[in-house]
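Okay, thanks for coming, everyone.

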Amino acid sequence: MTTAGTKIPFKRLSLPVIAMMAVVAASNVLVQHPVEQFGLQDFLTWGAFTYPLAFLVNDLTNRRFGPAGARRVVYAGFALAVLLSIWLATPRIALASGTAFLFGQLLDIGVFNRLRRMSWWQAPLAGSLFGSAIDTALFFSLAFAGDADMSFPVTYASTGITVPLWMGLAYFDFLVKFGFALLALIPYGALMGWLKPWTGAPADTAAR
């Protein structure tokens, strides 16, 4: 049992830290590769399909160890993932990812914790959506704005709107994250019975 006055041994957080590091590092590599199948290169990168897993890891950690434990995982995952990403991607992408990751994941933790006592699906869904929105906006603007290879104008036939490529990618990236936030409720719900909820909050606000 983890209570508000008990500090969680870091070794108990090693699995979510490793998972978080792997997700972010992989996403920083995959975001550099557009999905060329079915003509989606102007819409999506492969990173859109891996990064949403970070919110699932965060929400499960928050449920089990509370906000303090989740923040420790975010800080550790951030540090390790940025170091790996500088090697696997580029320094600009690594720094953009790190900044977006911190803001997005910490917002997810805050929203999740405020909604903790509500229906089981509301906290992870709302946290993921708010976190994804700020994460997407920060990452794509910091990583690609002004980059000639990512800023040429693209006109989307369905709307007739012309925007820089990175803005279009950001928009469709968020749509994928939205879909994954809904799908992530399936494994989250399945694991609820296995992961005992954090009991450090007062009885009326304890996680269900």
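When I say that two residues touch, or are in contact, I mean heavy atoms within 4.5 Å. Two bits of housekeeping. This is a predicted model, so local features need pLDDT of at least 70 and side-chain atom pairs count only at pLDDT 80 or more, while totals for chains, interfaces and linings use all residues. Residues are numbered from 1 along each chain as its sequence is written, and side-chain values use heavy atoms, with hydrogens and water left out.

Let's start with Gly77. Leaving out residues up to four places away in sequence, Gly77 touches Val17, Met20, Met21 and Phe101. You'll find Gly77 in helix α2; helices here are DSSP runs of H or I with at least four residues, strands are E runs of at least two, and both are numbered from the N terminus. Gly77 counts as buried, at 0% relative accessibility. Buried means under 20% relative accessible area, exposed means over 50%, and partly exposed is in between, with a 1.4 Å probe and protein chains only. One more thing on Gly77: its C-alpha is 8.5 Å from that of Pro16, although the two are 61 residues apart in sequence.

That brings us to the cores. By nonpolar core I mean a set of buried Ala, Val, Leu, Ile, Met, Phe, Trp, Tyr and Cys residues joined through side-chain atoms within 4.5 Å. The largest one has 18 residues, and those touching the most other members are Leu13, Met20, Val24, Tyr51, Ala54, Val73 and Phe101. Which elements give two or more residues to this core? They are α1 (14-30), α2 (53-88) and α3 (91-114), with α2 supplying the largest share, 9 residues. Take Val24: beyond four places in sequence, Val24 touches Tyr51, Ala81, Ser85, Ser97 and Phe101. There's also a second, separate core of 17 residues, which includes Ala89, Ala100, Met150 and Leu165.

Setting aside residues up to four places away, Asn62 touches Pro67, Ala70, Ile109, Phe112, Asn113, Arg116 and Trp198. Thr45 sits in the loop between α1 and α2, and Thr45 counts as buried too, at 4% relative accessibility. Neighbours within four places aside, the contacts of Thr45 are Leu30, Val31, His33, Pro34, Val35 and Leu169.

On to charges. Side chains of opposite charge can pair when their charged atoms come close. For a salt bridge, I want a side-chain nitrogen of Lys or Arg within 4 Å of a carboxyl oxygen of Asp or Glu. How many salt bridges does the structure hold? It holds 2. In one, Lys177 meets Asp135 at 3.1 Å, N to O. Lys177 is in helix α6 (residues 165-183) and Asp135 in helix α4 (residues 122-144), so this pair ties together parts that are 42 residues apart in sequence. Then Lys177 meets Asp173 at 3.0 Å, N to O; these two are 4 residues apart in α6, about one helical turn. Together, Asp135, Asp173 and Lys177 make a salt-bridge network. Buried or exposed? Asp173 and Lys177 are both buried, and Asp135 counts as buried at 3% relative accessibility.

Last, the rings. Phe, Tyr and Trp rings (the six-membered one for Trp) pair if their centres lie within 6.5 Å; planes under 30 degrees apart are stacked, over 60 edge-to-face, and the rest tilted. The structure holds 12 aromatic pairs. Phe49 and Phe180 are edge-to-face, 6.3 Å centre to centre with 70° between the planes. That pair links distant parts of the chain, with Phe49 in the loop between α1 and α2 and Phe180 in helix α6, 131 residues apart. Phe49 is partly exposed at 32%, and so is Phe180 at 25%. Phe140 and Phe144, by contrast, are a tilted pair, 5.9 Å between centres and 50° between planes. Both lie in helix α4, about one turn apart, and Phe140 counts as buried at 2% relative accessibility, as does Phe144 at 5%. Finally, ring pairs join Phe43, Tyr156, Tyr171 and Phe172 into a cluster.
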